[in-house]
Amino acid sequence: MIMPTAPATPLTQNPAWKALLDHHGRTAGQHMRDLFAADPGRAQRFGLEAAGLHLDYSKQRITGETLPLLFGLAAQQQLPERIRQMFAGDDINFTEHRPALHVALRAESGVPFLDEVRAVRKSMYGLAESLRAGRVPGGGGDAKGGPVHVVNLGIGGSDLGPRLAAGALTRYTGASLKAHFVTNVDPSDLDGTLAGIAPENAFFIVTSKSFTTMETLSNAERARDWLKARLGASFDPARHFAAVTSAPEAARAWGVPEAHVLPMWDWVGGRYSLWSAVGLAVAAAVGPQHFDELLAGARAMDEHFRTAPVERNMPVIMAALSLWNSVFHGAETHVVLPYCHELRELPSYLQQLQMESNGKRVNRAGQAVDYPTSPVFWGSAGTVGQHSFHQLLHQGTHLIPADFIVPVNGPGDKEARHMLVANAFAQASTLAMGADNADPHRVHPGNQPSNTILFDRLTPQSLGALIALYEHKVYAESILLDINAFDQWGVELGKKVAREIQDGTGTNLDASTKALMARADALRKAG
Ligand code: F6P
């Protein structure tokens, strides 16, 4: 892949962009109340289905002209060709000279590396089955009774994806196994998890693409020390450790037995890696069949993204609307509101996916951009957030587009679930429509845009489709913004300085940091 060169015309000087600016100027003052009043068929027109999900985007600040203009920008940015390049395995992650082929992790044909993917998945499922049957850690589960405890040690993409999926699919998890996720280097995270586990029943997965991440290696070291201290001579790493990494030699050198080192590849971004062996803890928790269903859901969304024309392409439409709100309407943040307790980890997962991907300040050619890139993503499960920050969404001064994620059916009391869904609809409606009142303190200005993603229920399949939807939305948005979604150079400097501070080799630290270090040293000495 050729390194992108400076575009002949800067993005903001291009006709498509200018047309959008002009359109914004002419429509910015319109209220959604009036747009709905003027178009009774709006909800049907601005809605579509894909991979079992329904997207309602009629509560967006758009007219019939807006999306065609945004699709004009997509054409100018060669979005369909960029989508083709991703599925073809081109080095679309051009600053690291690599493909970004997470789609290959759930594909059945038509993409590179399928044999490698299948071979590793076979090993992953084999280990998952051994853990589910208690053969590993062997003697575990029966010697001390109770379930096998699988503890994933990882951070960022090596934690957030499996943590989300395992949490979302709790009701698909058998009783013979408990999955835990330890991510923080704060010892309380690991110690808190180990407090409830018998060493004989513990199995640790050291999940680190680079196998250099200090937090994960520190947690792995302390987990090993904990086992050694309790099992003594009977400690056998083959019964208690696996590793998932694109540096298998480092994992072996660390002491993970060859058979338990599951490779991942540099053509998979950490934040796109749930579908690889990074999902081992999930496969162990829900079993290979349900993990296959998760992959199938994502594959269905891949097929939609790869083949649907932009006008009927759900990830492309969400990307275009996100850009319309953040760049043209100036929304600096975007709130994700899953009305589903099992999806409470989704906002955290999407924070990495969205912000580590599109939190960039230079375009593909390396020039500083003169427009905003990724909005800040945040959120929490509904209706919990309603009793915390929704006041600001309704009567604050910020434009905050929202994604309501609403599985209609599910386990438990039907009435309570109906109440949950009713609240999601009510929030999206009142944020859009608002309400006047003689008392200014009670006025709801409304016109807050939102998407509603509605589906039957949360299953491995619908979860797979939902996550893949956002993966593709993020990629499409990066193309519209003319940035690289797949690198994350910005995370390295902080790691380097942290190491220097920790080992006292920092030579040109600022005075404030030096002073803080001195205070911390004094506090440590005081004990
Ligand atoms: O520091 C950010 C990051 O590199 C993420 O991109 C990645 O998901 C995470 O750290 C963990 O990295 P690894 O899987 O290599 O331990």
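This is a predicted model: local features need pLDDT of at least 70, side-chain atom pairs count only at pLDDT 80 or more; totals for chains, interfaces and linings use all residues.
Residues are numbered from 1 along each chain as its sequence is written. Local features need pLDDT of at least 70 and side-chain atom pairs count only at pLDDT 80 or more, while totals for chains, interfaces and linings use all residues, and side-chain values use heavy atoms, without hydrogens and water.

Let's begin with the spaces. Rolling a probe the size of a water molecule over the atoms shows where empty space is left. On a 1 Å grid over the protein atoms alone, a pocket is an open set of points with protein on both sides within 12 Å along at least five of seven lines, a cavity is a set where a 1.4 Å probe fits but cannot get out, and lining residues have an atom within 4 Å of a point. Points are joined across faces, edges and corners, and a volume is the space filled by probe spheres set on them.

The largest pocket holds about 820 Å³ of space. Its lining has 34 residues, and Ser210, Thr213, Gln488, Glu492 and Lys495 are the closest to its centre. By class, nine are nonpolar, 15 polar and 10 charged (Ala, Val, Leu, Ile, Met, Phe, Trp, Tyr, Cys and Pro count as nonpolar, Asp, Glu, Lys and Arg as charged, and the others, Gly among them, as polar). Helix 9 (214-231), helix 15 (346-358) and helix 19 (492-502) each give at least two residues to this lining; helices (H or I, at least four residues) and strands (E, at least two) are DSSP runs, numbered from the N terminus.

Now follow helix 9. Its buried residues (under 20% relative accessible area, 1.4 Å probe, protein chains only) are Thr216, Asn219, Ala220, Ala223, Arg224, Trp226, Leu227 and Leu231. Seen down the axis of helix 9, these buried residues fall within an arc of 155° (taken from the directions from the axis to the C-beta atoms), so they line one face of the helix. Just after helix 9, Gly232 has a positive phi of about 55°.

Elsewhere, strand 3 (residues 148-153) has six of its six residues buried, so it is largely enclosed by the rest of the structure. Val148, Val150 and Asn152 point one way from strand 3, and His149, Val151 and Leu153 point the other way. Strand 3 runs parallel to strand 4 (residues 177-182), joined to it by six bridges (strands pair if DSSP finds at least two bridges between them). Val148 has Leu177 as its bridge partner in strand 4.

Definitions and conventions:
Buried means under 20% relative accessible area, exposed over 50%, partly exposed in between (1.4 Å probe, protein chains only).
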